Amino acid sequence: MSHPTDFSRRARWSGGESLVSVLMAKALTHPELTSLAAGFVENQTLPVDATARAFEAVWSVPERAREALQYGTTIGYPPLRQAIVDRLVSCDGLPPGALSADHVVITPGSNQLLYLVACVLCDPGDVVLCGAPSYFVYLATLRGLGIRSIGVAVDQRGMVPEALEEQLERLERQGQLGRVKAIYVTSYFDNPTGLTLAAERRGAMVETARRWSKAGRIYIIEDTAYRELRYWGDDVPSLRSFDPSGETVIQAGTFSKSYSPGIRVGWGVLPPELVEPVLTAKGNLDFGSPQLNQVLMSTVLELGLFDRHLEVLRQGYRAKVEATMEAAERFLGPLSGVQCQRPNGGLYVWLRLPEGVDTGPAGRLFDLAAERGVLYVPGQFCYPAEGPPVPRNRIRLSFGTASCEEIGRGIEALAGAIRQVTG
Ligand SMILES: Cc1ncc(COP(=O)(O)O)c(C=O)c1O
C-alpha cells in the first residue's frame, strides 16, 4: 500500500487557490473574453527588429557569441551590471561612483531577486510590511516561505507614513519588532493601484526604517518594475537615492516591462552585506542567470535600442491610458459609488466599486462580467495576509494587452455587469 505524499511545510504554505489559476480557468472556459486582467505588455509592441539587430551585433563577433553561449558568473555579466549602474546614477542624479556594479546582481526577472532576498532575510514567522494592497505574486512568495505579510494603509500618495509608524509601534508592543525584516514598496506606478510613492515621503520612509531598526535591521525593498513606463510628468528620485550608504534600501528592477519579459532580465542593487548571502542562495539555485539573455540585453542598451523602444512604448501606452479613462468616464462615470484613479504610468488602473459589491470569484460580479466578455483581477487577492480589513469592492484593470477598442468594449461590459449587480 502506498503512503500519501508528505509534502514539505513550504509546499503546504504555498497551497490554496491561486489567483492565476482562477483567472486561467476563466480565460480557458471563455476564450472570447477581453482580458483586462493580465499584467502583460502588449504583444504587438515587443521589440522584434531591435532585438534582431542586437543578436546580429552579438553574433558578428565570434568571441562575444561564444561568451553568450557559455555559463557566466553567479553575480551576472559585468558590462550589463555596469550599464545598469550608469542608468541609475543618471536617473537619480547621483554623483559618479555613488553606486558600484559590485553590489548589482542579475537575476532572471526581478521575481527571483525578491525571492532570494526573502530567503536570506526571513525565517518562517518573520514579518514583511507591505502596502495594502500590494503586488499579489510577491505576497504569494512570502506566504510560500512562511513569512507573514502585514498590510500598511496606502492613500493617493502611496504608503501612509503614520500607518507605517502605527504598525511598527503595535508590533513593538507585542514584542514582535525583532521579527520585522523589511518594508516592501513598489515605488513607481504600483501594481495594483497605479500610484507612485510621493517624492516627499521617500526620504522619510528611509529614515523610518533606520529609526525602527533597533531590534534588528529593517530593510526597505524598493521594487521599481514600472519606473521606465512613465507617460506624463517627471521622474522622481528613487528611495535608494535617499540611502547614500546603501545600507537600508534593496532595490529591485527589471527589463520585463520596459523591454521584453521573454528575455527576462532583472536585477538587484543590494546593501553590501547582503551581496554574499544572496549570491550564495542564487548559487544554490542556478549559479547564474542565462548568459545569452544578459549579453543580449547588454547589447540592446549599448546600441541605444532600449531608449528608442521606450519612446515607442510610452506613446502607445499614453493612448491606452486615454482610452481607459475615456471609457471609464463614459461607462463607469454615471454609476454611483464607482471611483477610478488616473495613472501617470505603469499598466494598471485601480477601481473602487460601491460598498457591498463583492468583486471576488465568490461574488456575482466576476461571473457576470465574464459572461459579458471581460476579465479583471479581483482586488481582494492583492491584500497582505494580516492588517486592516480587506475591502471586497476593488478591481485591478490592466490596459497592457488589450487594444484601445478592446479596452472600451471591456469597460462597457464591466459597467453593464456592475449595473446588473447593483440593481
Ligand atoms: C510590481 C512587480 N514587481 C516585479 C515583477 C516581476 O517581473 P519580472 O520577474 O518579470 O522581472 C512584476 C511583474 O508583473 C511586478 O508587477
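Modeller: A polar contact is a pair of N or O atoms within 3.5 Å; within protein, one must be able to donate a hydrogen and the other to accept it, and residues adjacent in sequence count only if both atoms are side-chain atoms. The model is predicted, so to speak of local features we ask for pLDDT of at least 70, and side-chain atom pairs count only at pLDDT 80 or more, while totals for chains, interfaces and linings use all residues. Residues are numbered from 1 along each chain as its sequence is written, and side-chain values use heavy atoms, with hydrogens and water left out.

A polar backbone atom of Ser110 is 2.7 Å from one of the ligand's oxygen atoms. The side chain of Asn191 also has an N or O atom 2.9 Å from a ligand oxygen. The protein covers 93% of the 400 Å² of accessible area (Shrake-Rupley, 1.4 Å probe) that the ligand has on its own.

Around the ligand there are 13 residues (a heavy atom within 4 Å), and those that come nearest are Ser110, Asp223, Tyr226, Thr254 and Ser256. By class, this shell has 3 nonpolar, 7 polar and 3 charged residues, with Gly counted as polar and Tyr as nonpolar. The space that the ligand takes is the largest pocket (an open set on a 1 Å grid, with protein on both sides within 12 Å along at least five of seven lines).

The structure holds 2 cavities of 30 Å³ or more (sets of grid points where a 1.4 Å probe fits but cannot get out; lining residues have an atom within 4 Å of a point). Strands are DSSP E runs of at least two residues, and helices are H or I runs of at least four. The lining of the largest cavity has 7 nonpolar, 6 polar and 1 charged residues.

The second largest cavity has a volume of about 50 Å³. Met159, Leu164, Leu197 and Arg201 are among the residues that line it. Helix H9 (199-211) and helix H8 (161-173) each supply at least two lining residues, and H9 gives the most, with 4. In this second lining, 7 residues are nonpolar, 1 is polar and 1 is charged.

Key. Sits in = over half its atoms within 2 Å of the grid points. Points joined across faces, edges and corners; volume = space filled by probe spheres on them.
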